[in-house]
Amino acid sequence: MATIAHGTPEIAAEEVNYLNVEHGWKSWLFTTDHKRIAFLYLISITAMFFVGGTMAVLFRINLLEPEGIFSSETYNRLFSMHGIVMVFFFLVPSIPATLANFLIPIMIGAKDLAFPRINLLSWYLYVFGAIFTIYAVARGGVDTGWTFYAPYSSTYSNSYVLSAVMGVFVAGFSSILTGLNFIVTVHKMRAPGMTWSRLPLFVWSNYATGLLQVLGTPVLAISLTLIAFERVAHVGIFDPNIGGDPILFQHLFWFYSHPAVYIMILPGMGVISEIVACFSRKRVFGYNFVAFSSMAIAVLSFFVWGHHMFVTGEAMYTSVAFSFLSFMVAVPSAIKVFNWTATMYKGSVSFDTPMLYAFGFIGLFTIGGLTGLFLAALATDVATHGTYFIVAHFHYVMVGGMVMAFLGGLHYWWPKITGRLYPEAWAKFAALIIFIGFNLTFFPQFILGYLGMPRRIHAYPPEFQALNVLSTAGASILGIGYLIPMIYFAWSIRKGPKAPANPWGATGLEWEIQSPPTTYNFDETPIVTKEAYDYGPLEEVVG
Amino acid sequence: MPASLTLLLADLQLFPPAASAQAGPIDDLYWFEIIVSAIMTVLIFAAVILFAWKYRRRANVRATQIEGSNVLETTWSIIPFLIMLIMFWWGAKLFFAAQNPPKDAMEVFVTGKQWMWKVQYPDGSHEINALHVPVGQPVKLTMASEDVIHSFSIPAFRVRHDVVPGHYDSLWFTATKPGRYRLYCTEYCGNAHASMSGWVEVLNDRDYANWAGGGSHGSLAEQGQQLFEQNGCSTCHLLDQQGRCPILRGVYNKPVQLDDGRTVIADDSYIRESILDPNAKVVSGFQPNIMPNFKGQLSEEQVIQLIAFVKSLSPPTPASQQGGQQRPVVIAPKAKAPAKAPAASAPQQ
């Protein structure tokens with residue numbers, strides 16, 4: 001374990017910490033403390049998660065009946081806003097802006113991120129982006145899908161495309177600034193002795209994510225700006241009637257949005273590495289390979305965007321190249337899964353809530369990843385493109401993977417963030433409910449997809465009803481599963497038992513300081529002398 | 001509320017019918033992927049459950065610290081990669097085979113527009129959200145969009161292709177089992193996207209012959225000829241002598257020399273472009289700006305009729321079956337065409 005020069009005070013009454021050091025709304029809205037900003041983000045993304053989740057519940061209700069229950073206008077707006085809110089306002093910022101924002105400086109022994117004010121600016125940009133998007137919903141919504149395909153979005157749609165695009169554009173800069181901050185922080189602010197090979201894997205994966213955010217997101221901004229140009233000024237960019245090319249939009253959009261898939265999953269992989277090590281009381285098996293695979297994913301993810309366009313008439317050999325590269329990017333993901341599994345070998349495995357989420361992640365991400373192979377292979381992509389197979393695949397990765405990791409990480413670090421414990425029995429129960437509800441929602445969609453049911457339709461042939469009813473039943477279980485943690489976390493903040501500095505007996509600098517930490521994390525800069533995950537027997541750490 | 005569970009389960013389908021020559025081989029790959037995935041999933045789940053249980057936390061039992069293993073890392077990188085190479089090669093092979101339709105494929109034209117599929121047959125008949133094809137005969141669909149991107153999909157045939165506005169897309173299949181199968185639009189295209197679906201009817205030869213009675217308004221080419229005259233095309237594109245514009249007889253699918261020195265094949269896409277935007281690729285020896293722009297004046301269906309007419313001016317000969325071997329047809333004008341565009345050639349309506 002790292003050595004800290006000063007003695008850590010153990011659970012003294014009324015300690016000063018980052019939460020109680022100042023009071024009043026100004027102390028929050030003008031804070032530059034990465035931990036308070038992480039907290040602001042946590043509240044914001046949770047709100048957006050429930051906005052997006054409510055829409056999902058509503059359109060799943062619509063799909064109980066083959067002919068639909070709502071009008072197609074309503075349905076199209078619901079799924080579009082669900083996608084926009086969940087991708088750009090929940091998944092992309094979820095772990096980086098909350099857990100990583102809170103933890104990266106502490107994990108590397110720094111007082112804050114490299115640019116504390118830019119960190120606050122990024123939260124404000126996120127909020128402005130969210131306001132634009134909510135405004136678009138309030139005015140009547142947007143019906144383009146989260147992918148904003150041209151020329152539908154640029155010429156034909158009669159919905160509030162501009163405000164939604166503006167919202168995503170602004171939120172994109174929030175993402176760029178967060179990524180930039182992480183990159184500079186990891187390069188320049190590591191404590192003495194915190195070498196690259198001693199970095200927790202959570203820092204590695206968020207560093208890789210930062211690179212993707214900084215290099216990819218500007219391209220999204222360009223694509224959305226061009227949509228706005230064409231919509232407002234009728235500059236022919238994407239609409240062939242005025243001289244544009246609709247496929248150009250897809251190239252630009254997926255050049256960002258495929259790396260964005262990894263923006264959404266890499267931080268989750270980092271969380272799982274931390275949790276599996278802690279609850280197996282072992283160093284992560286093959287640390288170098290796990291760290292390197294994050295970087296390999298970051299690089300390769302920029303060269304696979306064409307696999308979204310196999311049926312657009314993309315040149316045959318282009319498709320073949322993108323198919324091959326898409327298989328390549330599966331290798332580092334597989335390496336991670338094998339290493340997490342191997343980490344438990346000869347470990348001392350406990351079944352605390354974060355570990356249950358890690359089990360859930362490994363299982364669901366495995367299924368999500370393997371079904372990705374069906375889509376990387378050209379012939380089976382043609383058979384499943386644009387169907388519920390795709391929907392099931394990316395929800396297995398994004399919800400089964402990333403949301404599981406987010407919840408696992410939130411439970412794992414909750415005592416550190418709030419200084420409180422949550423009710424373990426309820427937490428385990430919720431984890432189980434979420435796992436069951438998730439599978440019931442999304443597994444039937446694989447079958448629907450190969451049967452040919454297109455995605456984004458408000459009415460469907462009657463022979464698909466049984467599987468759709470199952471899926472909606474699962475969604476209602478999943479919805480309840482997500483409400484339970486929401487309730488006990490809200491309770492825990494005020495009433496939960498006080499947490500010790502290191503309730504899990506975990507290694508890492510964050511567990512050596514008090515819970516919750518003080519504003520500057522460390523009284524004196526720590527000097528790191530040991531590797532990450534230097535796990536000894538549990539009894540030596542907690543009494 | 002949904003109907004009773006028994007009723008629902010009576011309809012329950014788990015695997016789609018396979019009704020085209022392509023479907024079987026694609027299903028084979030799909031099952032290979034399912035089996036590989038199932039084995040991998042079972043292995044990983046089993047390892048996780050086994051390790052979690054066998055090494056569960058117990059008093060006085062400590063974890064054994066293990067650094068890692070380069071041998072294991074290499075093994076579990078290379079073996080999955082090799083399996084994936086098989087999937088890659090297999091998927092690409094089937095994809096290649098699906099690219100080029102056989103020469104004897106029957107041609108059907110499909111136009112997607114918000115929110116319907118319009119299907120035109122060479123005999124001049126047409127229908128909406130329905131496609132009739134004979135069993136055992138390769139069918140090539142040439143597809144255009146009037147507005148946004150659509151995607152034409154027949155799950156029972158395992159075929160799908162986007163229909164992108166601005167050019168022709170195509171796909172082909174050989175239906176193998178008579179029956180009715182659903183067709184869909186699988187690219188979200190706006191409000192009534194869900195209703196842009198219909199049925200493919202695969203008919204045996206006799207039923208197909210009965211069904212294909214022929215259009216009451218003449219064949220597709222005859223419909224095109226009418227348009228050709230109504231729109232004043234025939235005033236400049238004379239059929240048997242040189243007018244202000246190129247003679248169209250014998251041009252279809254032949255190489256054409258352009259005024260910038262390039263050579264293009266006068267295929268469907270080129271003819272479509274030359275109707276809608278004549279100045280994009282002007283034939284060598286002719287003036288630009290003579291022919292008016294027909295973009296927005298003719299629908300995609302009318303363009304398809306016109307192309308069928310142009311095609312009918314070039315009856316298939318043994319030479320034209322072989323494509324690439326001929327020299328460019330240089331369509332020499334008799335005299336320099338006058339610079340001013342005649343008012344008569346302005347499109348009607």
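**Exercise 1.** In this predicted model, describe how helix 7 (residues 268-276) of chain B and helix 8 (residues 300-312) of chain B pack.

*Solution.*
1. The two helices of chain B meet at an angle of about 120°, and their axes are 10 Å apart.
2. Angles of 65 to 115 degrees count as roughly perpendicular and those over 145 as roughly antiparallel. Helix 7 of chain B and helix 8 of chain B are therefore oblique to each other.
3. The crossing of helix 7 and helix 8 of chain B is right-handed.
4. Helix 7 of chain B makes the contact through B:Asp268, B:Ile271, B:Arg272, B:Ile275 and B:Leu276, and helix 8 of chain B through B:Val303, B:Leu306, B:Ile307 and B:Val310.
5. By class, this contact has 7 nonpolar, no polar and 2 charged residues.

**Exercise 2.** State how chain B is divided into domains, and describe the side of domain 1 that touches domain 2.

*Solution.*
1. Domain 1 of chain B covers 16-46 + 74-216, and domain 2 covers 220-345.
2. In chain B, 12 residues of domain 1 are in contact with 12 residues of domain 2.
3. On the domain 1 side, strand 1 (106-113), strand 2 (116-120) and strand 5 (138-145) of chain B each supply at least two residues.
4. That side of domain 1 of chain B divides into 4 nonpolar, 5 polar and 3 charged residues.

**Exercise 3.** Describe the side of chain B that touches chain A.

*Solution.*
1. Contacts join 72 residues of chain B to 80 residues of chain A.
2. Elements of chain B giving two or more residues to this side include helix 1 (5-11), helix 2 (23-54) and strand 9 (179-185).
3. Helix 3 of chain B provides the largest share, 14 residues.
4. The chain B side has 42 nonpolar, 17 polar and 13 charged residues.

Definitions and conventions. Residues numbered from 1 in each chain as written. Chains lettered and ligands numbered in written order. Predicted model: local features only at pLDDT ≥ 70, side-chain atom pairs only at ≥ 80, totals over all residues. Contact = placed C-beta atoms within 7 Å. Helix = DSSP H or I, 4+ residues; strand = E, 2+ residues; numbered from the N terminus. Nonpolar A, V, L, I, M, F, W, Y, C, P; charged D, E, K, R; others polar. Axes fitted to C-alpha atoms, helices over the stretch in contact; angles between N-to-C directions. Parallel < 35°, antiparallel > 145°, perpendicular 65-115°, else oblique. Left-handed = near helix turned anticlockwise from the far one by under 90°. Domains from an automatic or database assignment.
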